[in-house]
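Hi there,

Here is the structure I promised to pass on.

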Amino acid sequence: MHLLVLNVLREKMMKTMMMMVMMAMMMGVAMGDIVDKTCKQTPDYSLCLSLLRSDPRSSSADTVGLGLILVDKIKALGTETLGQINMAYKTKPMLKKPLDECNLRYKTIVDVDVHTAIIAIKGNPKFAEGAIVDAGVEASVCEGGFPKGQSPITGLTQKMNEICDVTRAIVRMLL
């Protein structure tokens with residue numbers, strides 16, 4: 001009799017576990033779909049997917065959360081670029097003036113634009129769009145201050161503009 005009860009209990013537990021696994025898989029697919037659907041509405045689908053899927057928060061994020069993840073990516077890239085600017089002072093002292101200008105502009109991106117975007121995404125996304133656009137403009141103006149072909153941060157500037165374009169598209173979905 002005990003064996004029969006144990007087998008019935010075991011069978012019920014297995015069914016329950018199978019249902020839980022299936023539900024978890026369905027939730028994962030549904031959340032993956034929001035990333036995929038959202039990225040398809042941006043100017044760079046591959047970059048968007050790469051940026052969002054590299055962050056574990058994207059698996060449970062809504063569109064607001066995806067926007068915040070990308071703003072974090074802008075902050076991280078801005079911080080990385082500031083580090084490269086500081087290194088360039090030592091290796092390219094003849095570029096001090098444009099490096100000074102870039103230093104100020106990237107500090108604006110990291111300290112002002114990112115902060116504004118985070119608050120606005122959670123409140124009034126229209127202002128977030130302006131902050132994201134400004135981050136891209138700041139990066140472009142920085143790049144334009146170097147003599148042709150002498151910028152030590154061209155690749156980072158291009159990446160900043162690309163991330164800003166994707167982020168702006170997602171923020172626009174919130175309007």
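This is a predicted model: local features need pLDDT of at least 70, side-chain atom pairs count only at pLDDT 80 or more; totals for chains, interfaces and linings use all residues.

Residues are numbered from 1 along each chain as its sequence is written, and side-chain values use heavy atoms, with hydrogens and water left out.

The largest nonpolar core has 43 residues (buried Ala, Val, Leu, Ile, Met, Phe, Trp, Tyr and Cys joined through side-chain atoms within 4.5 Å; buried means under 20% relative accessible area, exposed over 50%, partly exposed in between, with a 1.4 Å probe and protein chains only). Its largest share, ten residues, comes from helix 3 (helices are DSSP runs of H or I, at least four residues, numbered from the N terminus). Met 160 is among the residues with the most contacts inside this core; leaving aside residues up to four places away in sequence, its partners include Ile 74, Tyr 106 and Ala 135 (contact means heavy atoms within 4.5 Å).

There are eight salt bridges (a side-chain nitrogen of Lys or Arg within 4 Å of a carboxyl oxygen of Asp or Glu). Arg 105 and Glu 138 meet in one, at 2.7 Å from N to O. Arg 105 lies in helix 4 and Glu 138 in helix 5, so this pair ties together parts 33 residues apart in sequence. Glu 138 is buried, at 11% relative accessibility. Asp 55, Arg 57 and Asp 72 form a salt-bridge network.

Best wishes

Notes: Helices (H or I, at least four residues) and strands (E, at least two) are DSSP runs, numbered from the N terminus.
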